[in-house]
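Me: Hi! I'm new to this one, could you walk me through it? Here it is.

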Amino acid sequence: MTITLPGPTLGVVGGGQLGRMMGEAVAPLGVEVVVLDPTPGCPASPVVSDQIVGGFDDADAIHELASRVDALTFEIELADPDLMAEAAAEHDVPVHPDPDTLRTIQDKLVQKEALVDAGIPVPEFVAVATAEGLERVVEEFGGVMLKAREGGYDGRGNVPVDDPADAADALDEVGGNAMAEEFLDFEREIAVMGLKGADGETRTYPVTETIHREEILRESVAPARTDDAVVAEAESVARDVLDVLDGRGVYGIELFETRDGDVLVNEIAPRPHNSGHWTIEGARTSQFENHVRAVLGWPLGPTDLVAPAVTANVLGDTEGTRPATMSGVDDVLAASGADLHWYGKDDVRPLRKMGHLTATLEAGGDDGAADWDAGDRGAADRDALLSRARDLRDGLTFRDA
Ligand code: AIR
């Protein structure tokens with residue numbers, strides 16, 4: 001392939017923070033981005049060339065997008081795989097990852113079955129469709145995570161159930177068609193951002209530790225504070241997962257590290273993922289740039305660590321929905337080695353992802369970073385980095401001053 005600049009135009013279904021960060025990442029490469037999103041002035045719109053306003057199931061809008069771009073991708077699982085495949089074929093543009101992969105991943109039960117078929121370790125799970133069925137499963141497993149089979153993200157659609165008496169309410173909450181997973185008493189959650197490029201090339205980013213509360217990611221620590229054997233196992237499982245998936249791009253692979261040091265797959269996202277936001281500052285090439293490079297069939301950028309990094313998510317801390325104004329920004333801007341990312345959402349809602357900040361351990365910083373050696377897996381530096389990221393993040397608020 002001979003690449004010339006200015007580069008191609010990429011169409012992205014979805015224009016939230018992930019589309020925004022894709023646009024930010026690839027402007028220097030001369031790639032233009034057009035997004036399709038139902039919200040006029042969506043988060044990506046100020047940083048990309050254009051937005052088509054339309055729903056993810058709007059066939060005309062998806063055809064218009066495909067007619068205007070050289071390649072198609074998506075940044076949200078609510079994208080419609082059939083429409084994308086059809087529009088891409090009609091306008092003769094590639095679409096990555098493969099819409100079939102999206103279809104498999106969209107249904108969490110089908111996703112888990114595909115992993116089992118490939119011999120990849122996952123927690124025990126069963127399909128549940130009735131309250132009686134769920135009661136039996138809760139009794140048998142002694143507590144489960146109930147998950148909507150489709151449509152849930154950022155904690156929506158996941159309900160822990162440990163009392164059979166709560167089965168009916170829980171099933172109502174996730175909308176009926178669900179799966180239940182054994183409640184794992186894990187040591188920690190970790191994630192690997194994996195990359196599939198042209199000619200079957202695969203790469204992985206350093207294993208990341210992810211810290212969740214109420215099913216929502218709060219912080220990510222890279223590299224993960226775990227031992228080398230677990231890191232090796234996580235990388236090996238991630239490579240097995242990549243083999244099962246079709247199509248180029250970045251995949252977020254969420255994992256559990258059990259108390260015995262085993263690694264099980266929790267969930268896969270066929271797109272850049274919140275647990276890889278640290279790669280913007282902490283890796284040689286960000287997940288967003290590499291996703292676009294992969295989708296375009298361009299050479300992939302190196303995924304090596306530049307510096308240990310901790311990302312802390314800024315979530316909506318208001319009681320209800322209201323226009324978003326965030327305060328406490330001055331302290332974050334004044335801090336060295338901390339980078340703020342604002343997602344550009346007009347409204348704040350409780351626990352909505354509004355932005356993030358990443359604290360990196362940089363050589364010559366005032367936090368002992370001069371001693372960091374990329375080969376050192378010692379956790380103390382990352383403990384300090386995590387506290388620093390949390391402190392800075394906790395100073396940000398959407399509540400009235
Ligand atoms: N997203 C997609 N899947 C999971 C997440 N977090 C990102 C995408 C999407 C945006 O969240 O960037 O467009 C939607 O965010 P919200 O807050 O409007 O629901």
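Me: Which residue stands opposite V13 in strand 4?
Reply: V13 faces F74 there. Strands here are DSSP runs of E with at least two residues, and helices are runs of H or I with at least four, both numbered from the N terminus. This is a predicted model: local features need pLDDT of at least 70, side-chain atom pairs count only at pLDDT 80 or more, and totals for chains, interfaces and linings use all residues. Residues are numbered from 1 along each chain as its sequence is written.

Me: And how many bridges pair strand 1 with strand 4?
Reply: Strand 1 (residues 9–13) pairs with strand 4 over 4 bridges, in the parallel sense. Two strands count as paired if DSSP finds at least two bridges between them.

Me: What's the strand order in that open sheet?
Reply: The order is 3-2-1-4, with parallel pairing. Strand 3 (50–53) and strand 4 (71–74) are the edges, each pairing on one side only.

Me: New topic: which residues surround the ligand?
Reply: Among them are G14, Q17, E75, Y153, D154 and K353. A residue is near a molecule if its C-beta atom, placed from the backbone, lies within 6 Å of it. Helix 1 (residues 17–26) gives the most to this shell, with 3 residues.

Me: Now helix 6, which of its residues are buried?
Reply: In helix 6 (residues 131–141), the buried residues are L134, V137 and V138. They line one face of the helix, because they fall within an arc of 100° seen down its axis. That arc is taken from the directions from the helix axis to the C-beta atoms. Buried means 20 or more other C-beta atoms within 10 Å of a residue's own, exposed means 12 or fewer, and partly exposed is in between, with C-beta atoms placed from the backbone.

Me: What sits on the face turned away from the buried side?
Reply: That face of helix 6 carries the exposed residues E132, E139 and E140.

Me: What do the buried ones pack against?
Reply: The partners include strand 5 (125–128), strand 6 (144–148) and helix 7 (167–174). Contact means C-beta atoms, placed from the backbone, within 7 Å.

Me: How many bridges join strand 6 to strand 8?
Reply: There are 5, and the two strands run antiparallel. Within this pair, V144 stands opposite E182 in strand 8.

How values were computed:
Contact = placed C-beta atoms within 7 Å.
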